[in-house]
Amino acid sequence: CMVLDVFHAWPRDALDGVAQRFLVKLQEQGNIEEEALTTIAAHMAEVHLSISSANKRYLDEERRYNSTTPKSFLELISFYVLMLTDKQNKVTYNTDRLEKGLGIMKQVQE
């Protein structure tokens, strides 16, 4: 037997505030600018809210339940932070590698 707690949907401004609160760490580290932070937080709120309509459509078409919880919103935020940090590290690594290679090529030409 499975028990599912029913959660009331969070209002958009609450989702936006929670996302901004978690994403501000990226801004403090210099990973994103303030304008981008606001836009990303608003987009995350929109994505989370749009999932409930997709869940209804999924129930109508497939007759199966799918639910979103506050935890799934927090997981979305943490996944985004992890993915952004990973991609930025890869770009930094590749940039350093390219600059080192160009430096070696310049030394060889001299």
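This is a predicted model: local features need pLDDT of at least 70, side-chain atom pairs count only at pLDDT 80 or more; totals for chains, interfaces and linings use all residues.

Colleague: What is the mean pLDDT of the protein chain?
Modeller: The mean is 90. Of the residues, 94% reach 70 or more.

Colleague: Which element has the lowest mean pLDDT, and which the highest?
Modeller: Helix α2 has the lowest, at 92. Helix α3 has the highest, at 95.

Colleague: On to packing. At what angle do α1 and α2 cross?
Modeller: Roughly 135°. Helix α1 covers residues 12-28, and its axis comes within 8 Å of that of α2.

Colleague: What does that angle make them: parallel, perpendicular or oblique?
Modeller: Oblique to each other. The crossing of α1 and α2 is right-handed.

Colleague: Which residues meet there?
Modeller: From α1, the list is R12, L15, D16, A19, Q20, L23, V24 and Q27. From α2, the residues include E34, L37, T38, I40 and A41. M44, A45, H48 and L49 of α2 are also among them.

Colleague: How does the contact of α1 with α2 split by class?
Modeller: It has 11 nonpolar, four polar and four charged residues.

Colleague: Now α2 and α3. How do they pack?
Modeller: Their angle is about 140°, with the axes 11 Å apart. Helix α2 spans residues 34-62, and α3 spans residues 70-109. That angle makes α2 oblique to α3.

Colleague: Is that crossing left-handed or right-handed?
Modeller: α2 passes α3 in a right-handed crossing. On the α2 side, I40, M44, A45 and H48 make the contact. On the α3 side, S72, F73, L76, I77 and Y80 do.

Colleague: How many charged residues are in the contact of α2 with α3?
Modeller: None are charged. Seven are nonpolar and two are polar.

Colleague: That leaves α1 and α3. Parallel or antiparallel?
Modeller: Roughly parallel to each other, since they cross at roughly 25° and under 35 degrees counts as roughly parallel. Their axes come within 10 Å. Again, α1 passes α3 in a right-handed crossing.

Colleague: What meets what?
Modeller: L15, V18, A19, F22, L23 and L26 in α1 meet F73, L74, I77, Y80, V81, L84 and T85 in α3. By class, that is 12 nonpolar, one polar and no charged.

Colleague: Let's switch to single residues. Is H48 buried or exposed?
Modeller: H48 is buried, at 12% relative accessibility. H48 sits in helix α2.

Colleague: What is H48 in contact with, beyond its neighbours within four places in sequence?
Modeller: L15, T68, T69, S72 and F73.

Colleague: And where is N55?
Modeller: N55 is also in a helix, α2. N55 is buried, with a relative accessible area of 12%. Setting aside neighbours within four places in sequence, N55 is in contact with N66, S67 and T68.

Colleague: What about N31?
Modeller: N31 lies in the loop between α1 and α2. N31 is partly exposed, with a relative accessible area of 24%.

Colleague: Which residues does N31 contact, leaving aside neighbours within four places in sequence?
Modeller: L26, T85 and Q88.

Colleague: And how far apart in space are N31 and L59?
Modeller: They are 39 Å apart, C-alpha to C-alpha. In sequence, N31 and L59 are 28 residues apart.

Conventions:
Residues are numbered from 1 along each chain as its sequence is written. Side-chain values use heavy atoms; hydrogens and water are left out. Axes are lines fitted to C-alpha atoms, for helices over the stretch in contact, and angles run from 0 to 180 degrees between N-to-C directions. Helices (H or I, at least four residues) and strands (E, at least two) are DSSP runs, numbered from the N terminus. Angles under 35 degrees count as roughly parallel, over 145 as roughly antiparallel, 65 to 115 as roughly perpendicular and the rest as oblique. A crossing is left-handed if the near helix is turned anticlockwise from the far one by less than a right angle, and right-handed if clockwise. Contact means heavy atoms within 4.5 Å. Ala, Val, Leu, Ile, Met, Phe, Trp, Tyr, Cys and Pro count as nonpolar, Asp, Glu, Lys and Arg as charged, and the others, Gly among them, as polar. pLDDT is the predictor's confidence in each residue, from 0 to 100. Buried means under 20% relative accessible area, exposed over 50%, partly exposed in between (1.4 Å probe, protein chains only).
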